[in-house]
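Please look at the sequence and the structure shown here, and keep both in view while reading the report that follows.

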Amino acid sequence: MTAELSPIDRAKSVAAYRAAEMVEEGMRVGLGTGSTAAWLVRRLGERVRDEDLRIKGVPTSTATAQLAREVGIEVVSLDQAGWLDVTIDGADEFDGELNLIKGGGAALLQEKIVATASDQMIVIADAGKEVEALGAFPLPVEVIPFGWQTTRTLIEELLDTMDVLGTSATLRMNNEAPTVTDEGNHILDLHLQRIGNPRQLALVLNQIPGVVENGLFIDICDKVVIGHGDGRVELR
Ligand code: 5RP
């Protein structure tokens with residue numbers, strides 16, 4: 001690590017480096033997606049090279065798979081690994097109960113499958129991701145492209161009945177075209193401002209036809225490693 005990092009990158013990197021030390025010889029490790037997870041993957045690559053650490057990595061996106069291979073981590077599929085010792089991933093928000101919003105990088109579906117198939121999920125985050133109530137970050141929902149506008153209408157009607165402050169959903173775009181996830185789906189971002197009951201919302205969203213998965217991670221995360229801009233690290 002170098003001293004010229006911005007405070008935010010320093011916070012992300014120290015959290016990732018601390019979590020990388022929790023990975024032990026022979027582990028099967030779920031590798032998250034995003035800028036914080038990229039610090040983790042690069043650090044694990046260094047440990048593989050310098051310490052002869054042997055691990056199997058299960059990436060949560062094509063981007064992470066490519067980075068993991070580049071840094072020398074053995075990449076296997078989730079089905080090859082079967083079950084994982086730990087998944088380490090970033091988050092867009094976490095609250096006091098360690099519930100999360102994820103999916104800012106559009107990888108929430110694989111991230112949730114991989115984290116759920118792990119003995120332990122460790123989140124790595126800069127301190128700015130901690131919130132009193134989830135929802136300021138728009139909640140990503142992965143939807144099937146077929147009839148996505150109808151799905152959006154159904155979601156907005158549902159939101160009208162829920163304990164949230166906002167009810168609009170926007171299609172995530174990338175270079176003037178709808179974002180396409182690794183599974184070929186689209187992302188709707190729900191602008192809720194505050195989610196009163198994340199557990200209930202997570203359950204009911206997934207009952208709408210066309211919704212594949214939502215970015216609320218409830219009772220999945222076991223530990224958060226929080227990095228600060230001055231290099232301090234806290235565990236929750
Ligand atoms: C990707 C994610 C990321 O973990 C989340 O968006 C955090 O990203 P970053 O570490 O770049 O802030 O959920 O789908």
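By class, the shell around the ligand holds five nonpolar, nine polar and four charged residues, where Ala, Val, Leu, Ile, Met, Phe, Trp, Tyr, Cys and Pro count as nonpolar, Asp, Glu, Lys and Arg as charged, and the others, Gly among them, as polar. This is a predicted model, in which local features need pLDDT of at least 70 and side-chain atom pairs count only at pLDDT 80 or more, while totals for chains, interfaces and linings use all residues. Residues are numbered from 1 along each chain as its sequence is written.

Of the 18 residues around the ligand, G34, T36, G90, G104 and G105 come nearest, a residue being near if its C-beta atom, placed from the backbone, lies within 6 Å of the molecule. The elements that give two or more residues to this shell are α2 and α5 (108-116), and α2 gives the most, with three residues. Helices (H or I, at least four residues) and strands (E, at least two) are DSSP runs, numbered from the N terminus.

The strand pairs are listed below; two strands pair if DSSP finds at least two bridges between them.

| Strands | Direction | Bridges |
|---|---|---|
| β1 (residues 28-31) and β2 (residues 56-59) | parallel | four bridges |
| β2 and β3 (residues 74-75) | parallel | two bridges |

Within these pairs, R28 stands opposite K56 in β2, and G57 stands opposite V75 in β3.

Helix α2 (residues 35-51) also belongs, with β1 and β2, to a right-handed β-α-β unit, and β2, helix α3 (residues 62-70) and β3 likewise make a right-handed β-α-β unit. A crossover is right-handed if, with the strands pointing away from the viewer, the path from the first strand over the helix to the second runs clockwise.
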